[in-house]
Structures are given as C-alpha cells and as structure tokens.
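Here is a short report for a first look. Keep the sequence and the 3D view open while you read.

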Amino acid sequence: MIAAFIITAAYIWDRIIGDPRWIPHPVIMIGKAITALEHAIRKAASSEAALKPLGILLPVIVVGGSYALTWALLWGLHEIHFSLAWAAEAILIGTTIATKGLKDAGMAVYKRLAARDIDGARREVGMIVGRDTDELDEPEVVRATVETVAENIVDAVISPLCYALIGGAPLAMAYRAVNTLDSMVGYKNEKYGNLGWASARLDDIANWIPARLTAVLMAICAWMKGYDGTRAWQTAKRDAPRHPSPNSGWPEAAAAGALGVRLGGYNVYKGVRSLRAYMGDEVQPLQAQHIPAACSLLTGSTLGFTVIAAVLLYARGGWLL
C-alpha cells in the first residue's frame, strides 16, 4: 500500500509542482558526474580506439552510482524515521519524471502561435528541439512540437515510472542516469562514437519495452478522448520501424495516427538538411490546435499508467522486485 501511495504522490508532485528551482535536481548532479568522468577517461585513454572499451565504464559507474547513492540515502532516512524515507522516495521519483515540464514547454509554443507570434513560437520550440528553427513556418513549428511532446512521453515519464514500479526510486534514478548519459554522450559522431556507444545502446535497451507500452497507452487514451485510437495503434505498428531510433517512432507514430496528421519530413541541423521518415497519413494539415491535443495524449496516457502502476503495487504489496 505504501509503494502505491509513493508512486501516486510522485506523479501528483510532478503534475502540480514539477521541478522547483529551490530543490537541487538530481539530473544536474548526474550531468556533472558524467562530465568529470568523461574528462578522466579521455585523459586515461592512450588512443581514440582505447575509448571504446573504456566507454563501458561510463554507464557502469554513473548508473550504478546513481542507484547506490539513492538506495543509501533512503536507507539512512529510514533509519531516522520511516516517514522521511517515504516522503523522500516520492519526491525523488517525482524528479525523474517531467509531465508538467513537457506539457508546459509544448503549451508555451501553442500560446505564441495563438497570439500570432511566429518568431516567439520559433524561439520557444528552439528550446526543446535540436533542429534549426529560425526559418520554420507554422505547420513546421507545430510538427516539431508534436514530435517532441510525443517522443518524450517515453523517456520523460513512462520509462522512469516503469522502473519505479519495478524497483522504486533507486531504479528510477538509475534509469534517469541512463537517459542523461545518452543525451550527453550517446552520439554517433567523431567525438562520441567510441566513448558513448555503450551508453547509447543501454538507453535503447532500457526504453524498448516502455516505448511500445507507451504506444498502447496513447492508443487507449486517444480512444477515450475522442481521437482515433485504432488508427493510432495501426500507425504505430506500420510506421515506427521506419524511424532511425528503435524506440522514438512508437510514440511519434501513435500520436500521428491518433491526431490524423503526418509527422516526419525534412529537418535542418546546423544548416544541413536531412529527411526523417514520415509517420502517419495526412488526414488533416498540421495546425496549432494539434499541440494541446498532443499534450492531452501526454497527460492522459501518463495518468493512466500511474493508475495501473498503483493498482499493481497495491496488489503486490510493494515494488515488483
């Protein structure tokens, strides 16, 4: 019963409070640890090729350390008083998810578009995507926002909640370390191709089941909210394998099917134009109102998973492990 209460409280904390600046965020500390460890590994490596085996140290130390430190903190608080440990675990799990932050970021773009402020919308979307946004027209701003909201339902909410369901705050924090590693070093380029390969691969593995589960949840949520749930699931099965990521295509394709829009297309990164596989069929053109619709899929699917998780934890009598 306590575990069910903790995961529910964590979700409510995130939906209402989010990430207040007065609380040191664990991801910032994880990021600093990754930067320091990367510097040490590069200094120790005898050559660029030597970075490949040494790259395994990054996830071993950072992920393992995140789990161990979180577990030790909760153990210490429990020794003082069990209620301190329960409250801390709820807050820690809450810091691993970002429902409010993701929704707020998407709605900030929508508000600019609703005010006919295309330059402001470009600036807002530029804060949450990696592509160049200075020349985007309104449909492309909408596409970038919907894609980002949909994709991040997995790694910003469902995946950490999945791991919290299994092993509480320590495992949720370990997942957040995996995801932070991928965002910092998991690039297939000259700088990180050798050092970051293990981190990128681990992130793909960690998100494999949650990504597909998210597509199912989004389809159910779409049906309940009056969108096309059947098309959401069919589109996810059809189009997700086209995406260059083994996981990101599932929520993006599900969103495209639910809303009846086509995502994907040409993106520009640092002046270089590239084609991203198309997701969904253009039943209707992309419009500003598709952003709050995507945010509705975000809040509905994540709330649904939290309810399911709480019921499972109540029936199990604790974390699944």
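## Around Ile 7

In this predicted model, Ile 7 touches residues beyond its neighbours within four places in sequence. Leu 161, Ala 164 and Leu 165 are among its contacts.

## The nonpolar core

Ile 7 is one of the residues with the most contacts inside the largest nonpolar core. Helix 8, residues 138-185, gives the most to it: 24 residues.

## A salt-bridge network

The model has 13 salt bridges. Some are linked: Arg 131, Glu 140, Arg 143 and Glu 147 form a network.

Arg 131 pairs with Glu 147, with 2.8 Å between the closest N and O atoms. This pair links distant parts of the chain, 16 residues apart. Arg 131 lies in the loop between helix 7 (118-126) and helix 8, while Glu 147 lies in helix 8. Arg 131 is buried, at 10% relative accessible area. Glu 147 is buried too, at 2%.

Glu 147 also meets Arg 143, at 2.9 Å from N to O. These two are four residues apart in helix 8, so about one helical turn separates them. Arg 143 is buried, with 1% relative accessibility.

## A pair in helix 2

Glu 38 and Arg 42 form a salt bridge at 3.0 Å, N to O. Both sit in helix 2 (residues 26-44), four residues apart, so about one helical turn lies between them. Glu 38 is buried at 10% relative accessibility. Arg 42 is partly exposed, at 27%.

Conventions
Residues are numbered from 1 along each chain as its sequence is written. This is a predicted model: local features need pLDDT of at least 70, side-chain atom pairs count only at pLDDT 80 or more; totals for chains, interfaces and linings use all residues. Side-chain values use heavy atoms; hydrogens and water are left out. A nonpolar core is a set of buried Ala, Val, Leu, Ile, Met, Phe, Trp, Tyr and Cys residues joined through side-chain atoms within 4.5 Å. Buried means under 20% relative accessible area, exposed over 50%, partly exposed in between (1.4 Å probe, protein chains only). Contact means heavy atoms within 4.5 Å. A salt bridge is a side-chain nitrogen of Lys or Arg within 4 Å of a carboxyl oxygen of Asp or Glu.
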